[in-house]
Amino acid sequence: IIDMKKIKELSWRGIPEDLRFYIWKVLIGYLPPSKAMQAETLERRRNEYKDLIRLHSVTESTISEISEYDLQNYKQILADCPRTMPESPLFACSIIQEILKRLLYIWHVRHPGSGYVQGINDVCAPFIVSYLEEYLDFDTEKLISEKIDLSKLSKETIVNFEADIYWSLCQVVDKTQDVYTSSQPGAHKMMNKMQDLVTRKNKKLALFFQEQGLEYSQFAFRWMNCFLMREFSLEKIVRMWYTYFSEDEGIASFHVYVCASFLLHWEDELLK
């Protein structure tokens, strides 16, 4: 059985790239700490996802059968997939685009409380890069920055890869569900907490924001909704997630402290 306390302590500062696809699955709870149960769990979840594909994949012959609400969300997913990490050749790959389109729609159908919300597509990106390293002998930087040929991967490998991304997405987003539900109360709660932290730690900066009429929602809503995915390079986000997944308080709670620390760190530049 894996010592979760120890593995979190080690992962907090980062772990070797060739172990990340495995360690992340354990840290987020996709795989159990018991090594004896991991192979069985992985096979079961991958088979469950194959069933979801059969039930919910949208094709030319089935698109007329889905509801107007689902169709609107499907169209939004189609629009958002090409916007996911557009600077990376990897994400322009047709195989990655198909994976994103399929798993995001399945996620939408299986989460009727929120449906698909823009930003969820971005959360998939670190998992895509990290889990590809199980099958390809490339480091993170090369995967992100260079055009990679995925056509040699078997259909079975692609489906298993996609399943792992889907269930990992569920593990992360389900724990931050109110960030993505209607009116997104979780994001507003996180912004309010960040504002309280900045006010307690730096009254001068807080007063400056107030004098400028600057609302936190004007700049920080996207930070919470996309977990800084659009503010930093994917390589840096992957490194940050080592630490996020190692925190007992959870991703959303620790993320607020990270965002507040950025404002405090760049106080001088902000006050100019």
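Start by selecting Lys-101 and Glu-98: their side chains meet in a salt bridge, 3.0 Å from N to O (a salt bridge is a side-chain nitrogen of Lys or Arg within 4 Å of a carboxyl oxygen of Asp or Glu). Both sit in helix H6, residues 94–110, three residues apart, or about one turn of the helix. Helices here are DSSP runs (H or I, at least four residues), numbered from the N terminus. Glu-98 is partly exposed, at 37% relative accessibility; buried means under 20% relative accessible area, exposed over 50%, and partly exposed in between, with a 1.4 Å probe and protein chains only.

Before you click on: this is a predicted model, where local features need pLDDT of at least 70, side-chain atom pairs count only at pLDDT 80 or more, and totals for chains, interfaces and linings use all residues. Residues are numbered from 1 along each chain as its sequence is written, and side-chain values use heavy atoms, leaving out hydrogens and water.

Next, pick Arg-230 and Asp-122, another salt bridge, with the closest N and O atoms 2.9 Å apart. Arg-230 lies in the loop between helix H12 (217–226) and helix H13 (234–244), while Asp-122 is in helix H7, so this pair ties together parts 108 residues apart in sequence. Arg-230 is partly exposed at 43%, but Asp-122 is buried at 2%.

Now try Glu-133 with Arg-20, also a salt bridge with its closest N and O atoms 2.9 Å apart. Here Glu-133 is in the loop between H7 (120–132) and helix H8 (140–145), and Arg-20 is in helix H2 (residues 17–27), 113 residues away. Both ends are buried: Glu-133 at 10% relative accessibility, Arg-20 at 1%. The whole structure has 14 salt bridges.

Time for the greasy part. Select Leu-104, Met-194, Trp-241 and Phe-245, which touch the most other members of the 93-residue largest nonpolar core. Helix H9 (residues 155–173) gives the most to this core, 10 residues. Such a core is a set of buried Ala, Val, Leu, Ile, Met, Phe, Trp, Tyr and Cys residues joined through side-chain atoms within 4.5 Å.

Last stop: show Lys-175, Tyr-244, Glu-247, Gly-250 and Ile-251, which lie nearest the centre of the largest pocket, out of 16 lining residues. Helix H14 supplies the largest share of that lining, three residues.

A pocket is an open set of points on a 1 Å grid over the protein atoms alone, where a 1.4 Å probe fits, with protein on both sides within 12 Å along at least five of seven lines; lining residues have an atom within 4 Å of a point.

Technical notes
Helices (H or I, at least four residues) and strands (E, at least two) are DSSP runs, numbered from the N terminus.
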